[in-house]
Amino acid sequence: MAELNDLHFKTNVQLKSIIGKDLINDDNIAILELVKNSFDADAKQVNVKYFNLKENDDKSVNQFSSKTSRLIIQDDGIGMDIDGIRDKWLNIAYSEKKTNKTQHKRRMAGAKGVGRFSCDRLGEYLNLYAKTSKDLHYYKLSIDWKKFEIEDESKEIQSIPLKYEVLTHRELEDLGFSKFNHGVLLEIIKLRSNWAYPVLDKNKKITNWDISKFIELKKYLEKLINPNQAFESNDFGVFIDAPEFKDENEALDTNSRFIGKVENRIFEHLDFKTTSIESYITNEGNELYTELKDKGETIFWIREKNPFLPHITNAKATIYYLSPYAKSFFTKQTGIRSVDYGSVFLFINGFRVPPYGELGNDWLGLDQRKAQGYSRYIGLRELVGQIEILDERNEFQIVSSREGIVKNESYNSLTQPENNNSFFYKAFRRLERYVVEGLNWDSAPAYEDLQKIHKKIVSGETQEEDLEYSEDLITKQKRVYATIHNIISAKSADVIELYINENLITQKIAEEREVSEREFNQLIEDFGNKKIDADTLNKILHKKAQENEELEKQLKEFSKYTTNEATSKAILELQDYKKTIEEQTRLIQSLKLQLKELRQQKETAEKSATTLKEKVIKVESDLSIEKEKNLYLLSTRRTLSPDADGLIHTIKINNVEIRDGIENIIDDLTENDYNIQSLIKRLGFLKICAERSLKMAEFVTRADLKEDIEKKDVDVVKYIVEYISLYGDTFSESLSFSFLNNNEQLTKNLSVLNISIILDNLISNAVKWEANNIQIEFKKINEKQLIIYFSDNGKGLSEKHMENPEKIFELSVRDTPPSGFSGSGIGLFYARNLLNEMNSDIEFVGNGLKLSGATFKITINTI
Amino acid sequence: MKIKKLLYIDDNKIDAQIENLRKKLKRQGYELNETFLNLGNERFKMRDKGKTILDIPAIRKYLHSNLLNESFDIVASDYDYSDDYLDGYSLLKWIMNVSRSEKLRVRRAKFCLYSAQQDKLVAHLDSPSKVKELVKLKIDDFINRDNLSQDLTTILVGKKENYVFNKHIMEYLEKFPEYKFKSTYPKFKGKQLSEIANEIDKDSPNGIAFQKSLVELTIAHLIELNNFPKK
């Protein structure tokens with residue numbers, strides 16, 4: 001069996017270059033590493049100063065002189081003593097940071113322990129001056145990197161001696177430096193790169209200096225620090241200075257000036273409104289919180305179980321989508337194009353990991369992806385953001401070339417695009433879906449000249465409120481709402497709590513509800529006005545059913561998650577709205593039924609109308625047959641036709657009086673309780689009643705029967721004239737009448753029956769006493785009184801009555817006229833009686849006054 | 001013979017019917033004392049726009065001044081006055097309301113409407129409110145004119161009247177209206193009996209209290225009267 005002997009690694013001197021200038025191929029990275037070291041040494045300030053760039057003796061001098069180009073990186077950290085220098089600084093790959101995770105309250109930035117070799121990259125010589133606060137003196141270590149650049153296989157790195165000195169304050173000052181209490185000063189001499197280029201005219205004269213490298217350095221250093229994560233903002237400052245280029249610096253615009261403190265302005269915040277997503281781990285690594293914002297408003301946030309355990313326990317991603325407008329605003333705020341700024345950066349423990357996110361770097365594979373679907377995916381040019389990781393367990397290891405980190409499982413959990421199953425992609429995909437599917441890229445209108453707008457925005461002429469988009473907010477909101485679940489894309493089992501902007505939900509409802517309500521009311525109105533038919537109703541019902549279905553779907557989706565209170569409330573509103581839709585649907589259905597019923601009713605009515613019509617025709621024909629049969633027995637009418645009203649009334653009253661009157665007389669006679677006078681009176685009264693009945697019969701054909709015969713407003717004169725003209729000659733053929741002053745007029749409400757009977761009486765008397773001419777004279781005394789002189793040319797009142805003519809008005813007083821036929825003696829009695837009843841009177845005035853016979857004076861009074 | 005007082009209101013004279021009524025009542029042992037408000041009389045008429053109509057205020061005034069404070073047993077009115085503005089129903093309504101609110105004597109009478117054409121009144125009651133009004137009015141009867149005397153007799157004679165205590169007292173007191181009250185009821189001391197009758201009629205608190213006192217006193221007196229010492 002062979003013996004196991006010992007062999008050892010040899011550290012060839014070339015190692016220096018391998019881990020130094022050959023490894024670090026970027027000046028900015030080199031400076032970054034040195035700054036990190038200062039940071040880790042608890043420095044408050046790091047000064048990066050350049051000297052002797054415009055004019056130097058780099059090309060001519062053998063080693064270096066005071067005129068050689070220099071880069072001084074000085075910090076005020078804790079510094080080092082000789083032990084520190086020997087055991088730590090000179091100890092290759094030793095990193096305190098491996099043992100101390102935090103030092104001086106800061107997460108340690110540099111991890112590899114090779115930052116010191118950045119000096120090799122930057123310059124050919126290095127003088128390191130270090131002092132701690134404990135020491136009184138400075139230690140100066142001088143390194144000539146060339147000494148390590150020999151090809152000798154036997155030469156080991158540790159065999160090259162390095163000289164050091166101990167300096168006092170004075171000695172330090174003599175060297176041109178200000179004293180300091182603690183810290184490290186790196187004097188890098190004979191810079192390997194040109195940091196500034198002279199601009200020559202055609203005469204080879206220097207007109208200007210190209211200082212873009214400085215600007216780049218500044219911008220690079222700006223991005224290096226993530227102020228959010230590492231420390232309080234004022235705690236650490238990096239200062240660049242190049243005294244030779246003061247004027248050139250002044251000539252730059254403020255954004256580009258490099259002399260002074262390096263400020264990280266980018267991610268303080270983008271103070272214009274963008275669409276962004278933020279996702280971070282909380283609750284000791286168990287929860288993943290993601291919030292999507294759009295122009296200041298939270299669209300949704302979600303708390304889920306952290307699916308990336310155990311690799312991602314403390315991370316935060318902030319990603320901004322830059323629409324065309326947003327890009328312009330970005331430029332306005334930062335001074336550079338977003339494209340030049342970079343895309344998504346990675347910060348670990350506070351310091352940026354280059355080259356991730358820098359211009360041209362696609363560490364997340366975004367542009368690759370975009371190529372597969374230009375309109376579906378967001379690419380690098382539209383994105384800025386950062387991922388910040390707090391890595392305590394060293395899961396993320398920076399690659400020794402300081403270019404990126406090791407692609408281990410943790411890296412995959414962070415970045416892999418497959419199934420979006422990584423910290424970055426999970427968040428990014430949500431943002432992408434929102435922008436693409438929800439906002440439809442939030443694009444500007446097609447007619448907008450973006451270049452023009454860009455200029456206007458950058459100059460400040462156009463503000464945010466002036467911007468126009470190709471779609472209005474409502475449309476976008478609606479689409480967002482419709483796709484929200486797709487956007488969120490969460491497994492309900494993983495969801496702890498979900499918040500969706502209630503405005504999205506209620507906005508959707510509000511507008512739709514308004515429209516729906518209007519439509520519905522219109523529908524009801526139309527229905528009322530009978531402008532609706534079954535087809536339209538069906539269409540509307542169908543539409544409502546669709547709405548309902550959609551709402552159902554959405555509600556179902558929402559119900560999967562535990563939602564935040566505000567969201568829950570909004571969901572309730574949604575449910576309410578759904579109920580409204582359902583109710584409307586019900587109403588519409590009932591309307592439909594009503595419509596159907598109405599139609600049926602209409603049909604039935606039409607049918608029965610036709611049937612009735614037929615019946616009516618039949619009945620009419622039947623009736624005409626029946627009518628002839630039943631002439632005498634017409635069914636009782638409820639009311640008499642107005643024509644005969646007055647007449648019937650009078651007839652009834654009159655005849656009831658007759659009937660009762662006779663009954664009374666019979667009674668009296670039966671009981672032997674009578675006297676002749678009274679009997680005569682009563683019988684006379686009955687006679688008058690009978691006469692009135694007869695008179696009525698005559699009047700039936702002549703008078704206007706609507707009015708009451710017994711109470712007629714008549715002009716007395718006119719009536720008398722008319723009456724006599726009509727009936728006067730019925731008494732005797734030879735009788736003639738004459739009138740005097742028959743243009744007089746007196747209106748009185750009286751019984752025309754009674755007047756007629758009175759006139760009849762008087763005329764009959766005159767005829768009995770052989771008159772053949774009667775004169776009637778009217779004399780109006782005043783508005784309310786009319787005198788009528790009734791005279792005849794007969795024999796006049798007989799002698800025996802001339803003494804007391806009043807007696808002739810008594811009952812049963814009579815006189816025997818020459819003709820021999822006397823009256824009943826009741827005529828004048830009732831004449832006076834009837835006249836008295838109508839507030840009038842009659843008296844005998846004399847014989848031979850007007851004509852040869854008697855003259856009676858009738859006084860008619862009225863109201 | 002007991003007297004029955006009738007007030008009848010009509011625009012026609014119905015003497016024979018009234019006479020008939022008188023005979024009927026007489027047979028029943030009553031004497032008829034009738035008062036006729038003849039609306040045919042010109043004093044109750046007026047002119048309105050060329051037409052003669054009933055002067056309602058005049059009618060009411062006349063009634064109120066002369067008739068409403070009389071103790072009629074019955075007030076009967078024709079329904080149809082051939083007037084556009086007044087009919088028997090509304091006039092009776094007025095009489096009943098006024099007499100009840102002013103506690104006039106006529107309120108104790110029976111009220112009847114008669115008509116030759118009862119249909120007409122029926123047609124007039126064409127709404128529930130009107131029927132309600134009629135019912136509330138508590139008119140005692142609605143008679144067909146043809147049967148007036150017979151129906152009025154029935155009402156006047158009618159069923160056995162309930163004995164009304166205060167009516168009896170009133171009537172009795174009014175037999176001696178001039179006599180003055182002496183004592184045992186101090187509040188009425190010095191008042192004429194007719195005045196006391198009036199108090200009773202008006203259902204005044206004093207009138208009622210008096211009646212109560214009378215009853216108590218009388219019963220006490222009767223008990224006392226019966227307390228004769230044995231002989």
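Student: In which loop of chain B is B:Asp203 found?

Tutor: The model is a predicted one. B:Asp203 sits in the loop of chain B that runs between helix H8 (193–201) and helix H9 (205–225). Its phi is near 55°, a positive value in a residue other than glycine.

A:Asn420 is not a glycine, yet has a positive phi of about 50°. The loop that holds A:Asn420 lies between helix H12 (409–415) and helix H13 (423–438) of chain A. A:Asn420 is partly exposed, with a relative accessible area of 21%.

Another backbone detail concerns a proline. The peptide bond from A:Leu309 to A:Pro310 is cis, with omega near 0°. A:Pro310 belongs to the loop between strand E15 (297–305) and strand E16 (315–321) of chain A.

Last comes a side chain. A:Arg832 is part of helix H24 (residues 827–837) of chain A. A:Arg832 has a relative accessible area of 16%, so this residue is classed as buried, the limit being under 20%. A polar atom of the A:Arg832 side chain lies 2.8 Å from the backbone oxygen of A:Ile842. With neighbours within four places in sequence left aside, A:Arg832 is in contact with A:Glu806, A:Phe809, A:Asp841, A:Ile842 and A:Glu843.

How values were computed:
Residues numbered from 1 in each chain as written. Chains lettered and ligands numbered in written order. Predicted model: local features only at pLDDT ≥ 70, side-chain atom pairs only at ≥ 80, totals over all residues. Heavy atoms only, no water. Helix = DSSP H or I, 4+ residues; strand = E, 2+ residues; numbered from the N terminus. Buried < 20%, exposed > 50% of the residue type's maximum accessible area, 1.4 Å probe, protein only. Polar contact = N/O pair within 3.5 Å; in protein donor to acceptor, adjacent residues only side chain to side chain. Contact = heavy atoms within 4.5 Å.
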